Amino acid sequence: MAKRIDVSDLNVYYGDFKAVEGVSMTVEPRSVTAFIGPSGCGKSTFLRTLNRMHEVIPGGRVEGKVMLDDQDLYAADVDPVGVRRTVGMVFQRPNPFPTMSIRDNVVAGLRLNGVKSKKALDEVAEKSLRGANLWNEVKDRLDKPGAGLSGGQQQRLCIARAIAVEPQVLLMDEPCSALDPISTLAIEDLINQLKETYTIVIVTHNMQQAARVSDRTAFFNLAETGKPGRLIEMDDTATIFNNPNEKATEDYISGRFG
Amino acid sequence: MSTLDTTSGSVPQTARLTSGLGPKSSSRAIKDRAATVVMWLAFLIAMVPLVWILATVVMKGGSLLLHADWWTHSQQGITNREEGGGAAHAIQGTLIQAAMTALIAVPIGVLTAVYLVEYGGGRFKRVVSFMVDILTGVPSIVAALFVYAVWITTLGFDRMAFAVCLALVLLMVPVVVRSTEEMLKLVPNELREASYALGVPKWKTITKVVLPTAFSGIVTGVLLGLARVMGETAPLLILAPYFRSISTNLFDGLMGTLPTMINAGRDNMAIEANSERVWASACTLIVLILVLNLLGRLISRFNKLDR
């Protein structure tokens with residue numbers, strides 16, 4: 001069920017401002033691809049174009065092509081809502097729905113799209129929570145509010161919520177930046193398991209994390225503030241961290257940036 | 001701290017912070033005490049009229065509320081000089097009109113706020129927002145005369161309680177819009193994004209995620225609006241005069257309400273039976289609004305999960 005993403009010559013705009021320029025890349029199925037780069041280089045913006053979340057922001061638009069296997073995500077007859085069901089997303093800050101219980105949070109994507117059968121929903125809830133390594137911690141309090149969990153548990157709840165709709169691809173926008181090291185480890189273990197099933201793209205500021213979890217790494221950079229961000233290079237993670245082609249990548253990775 | 005003093009020799013003495021470890025400076029202690037006293041005074045002054053009004057109303061009219069008759073009988077056939085009867089006609093009139101007003105004003109107000117926060121953009125949004133601001137400032141007598149001009153003069157209908165509701169809607173809508181708008185703005189954008197990212201369409205995101213999250217705040221806003229319109233008198237006087245008997249038909253002439261009952265009795269305050277009824281009506285109105293507010297708290301508490 002995992003799918004390949006092919007991006008060709010993608011420009012991303014906020015209104016008149018070009019935020020990302022000329023990105024072409026391939027994301028392999030059943031692998032983890034990490035995006036690294038300094039703040040403001042457009043890696044999160046680019047990530048959001050992969051499930052058309054970018055359009056939620058007023059003025060957000062793109063030029064270029066994003067192919068999910070052989071389907072163009074930006075074709076005129078493609079519904080962005082459908083794209084987001086296929087390409088799920090986990091955000092920087094855990095954001096469980098405050099009015100919903102743990103169970104309802106997990107199955108929110110199905111329930112809000114019209115699935116009513118309680119039995120089916122309960123099964124999905126258990127499967128997704130197990131998939132997110134959270135089942136054992138919450139199985140006795142599924143009716144308690146999701147906001148009552150710890151930060152790391154909330155983030156795993158959000159991952160369970162994202163995989164409950166059975167997406168093909170899972171996008172993660174700095175999923176561990178608000179978490180402590182132990183919760184981070186739990187999420188990284190989870191990412192390693194999830195990549196058996198899903199195509200995963202993760203944005204991270206933590207280079208050790210990129211080195212630990214990803215198979216391939218893409219380095220983004222921008223020439224200066226106000227200029228659009230670009231993809232500098234993309235390669236196997238080991239190559240990027242040990243023997244990058246570009247000087248800019250090496251400078252960034254070795255901490256000599258700026 | 002002391003190192004800071006020795007190294008900052010070039011900074012003029014007056015620009016330096018005093019070193020931090022001594023006792024609290026006396027001038028700051030005085031300012032602290034003065035500010036505390038002023039705030040307490042302001043609080044007490046604000047409480048004086050509130051307590052005064054409550055005490056007066058309860059002392060002069062509270063006892064009538066303890067009679068069952070007050071809640072079950074109208075003033076039909078009872079003159080100003082007689083004791084007895086009740087305010088049932090006025091209570092149900094007030095409640096019926098408030099319910100009808102809310103029925104019309106809440107959907108309009110909430111949907112307008114949803115438009116302003118979730119959909120609106122550009123010039124039209126600014127125009128709508130400006131109109132709501134203007135509506136907020138419209139005095140109730142103007143709303144009443146406007147409805148009179150439209151409903152009675154232009155359309156040719158009779159005076160009736162429903163016309164009162166229309167005028168009250170004009171007063172309630174802006175309150176509901178403004179409070180709902182503020183509550184919707186408080187809903188974190190992250191929740192909307194989380195919902196979109198699950199492939200939930202925008203309208204479902206609004207109805208199932210945004211509105212439930214803001215629910216308790218919206219209820220509070222609606223109750224504030226209701227409290228405002230339930231005490232209004234001008235539209236009632238102009239559009240549906242006081243009636244001493246039970247009347248439940250919004251579309252047929254007169255209907256008694258608590259504010260008009262108070263108004264009808266205020267000319268004969270020297271007569272004890274009458275004046276007691278006036279104070280009791282005022283007390284009832286306060287109690288009704290209090291009960292509504294408690295009810296609203298209860299509803300919004302039920303909506304939350306942390307039981």
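**View 1. The ABC transporter domain of chain A, as UniProt marks it.** In an unreviewed UniProt entry, "domain: ABC transporter" spans residues 5-247 of chain A. Such UniProt positions are given in the numbering used here, feature names are shortened, and annotations may be inferred rather than shown by experiment. This is a predicted model, where local features need pLDDT of at least 70 and side-chain atom pairs count only at pLDDT 80 or more, while totals for chains, interfaces and linings use all residues. Residues are numbered from 1 along each chain as its sequence is written, chains are lettered from A and ligands numbered from 1 in the order in which they are written, and side-chain values use heavy atoms, with hydrogens and water left out. Across residues 5-247 of chain A we get 34% helix and 27% strand (DSSP runs numbered from the N terminus: helices are H or I with at least four residues, strands are E with at least two).

View 2. Most residues other than glycine have a negative phi. Buried or exposed, what is Arg52(A)? Arg52(A) is buried, at a relative accessible area of 10%, whereas Arg30(A) is partly exposed at 44% (buried is under 20% relative accessible area, exposed over 50%, partly exposed in between; 1.4 Å probe, protein chains only).

**View 3. Where chain A meets chain B.** Here 28 residues of chain A are in contact with 18 residues of chain B (contact means heavy atoms within 4.5 Å). The two chains bury about 1,900 Å² between them, 68% of it on carbon and sulfur atoms; buried area is the accessible area (1.4 Å probe) that two parts lose on being put together, summed over both. On chain A, the residues losing the most area to chain B are Phe97(A), Thr99(A) and Leu112(A), together 31% of what that side buries.

View 4. How many salt bridges does the rule find between chain A and chain B? There are two, counting a side-chain nitrogen of Lys or Arg within 4 Å of a carboxyl oxygen of Asp or Glu. One of them joins Arg48(A) to Glu193(B), with 2.7 Å from N to O. On the chain A side that touches chain B, the elements giving two or more residues are helix H2 (80-86), strand E6 (87-90), helix H4 (108-111) and helix H7 (151-164).

View 5. Gln97(B) lies in helix H4 (residues 88-119) of chain B and is buried, with 2% relative accessible area. Leaving out residues up to four places away in sequence, Gln97(B) touches several others, among them Ala161(B), Cys165(B), Leu236(B) and Met255(B).

**View 6. Ala46(B), on helix H2 of chain B.** Ala46(B) belongs to helix H2 (residues 26-61) of chain B, and at 52% relative accessibility Ala46(B) counts as exposed. Ile246(B) is 200 residues from Ala46(B) in sequence and 38 Å from it in space, C-alpha to C-alpha.
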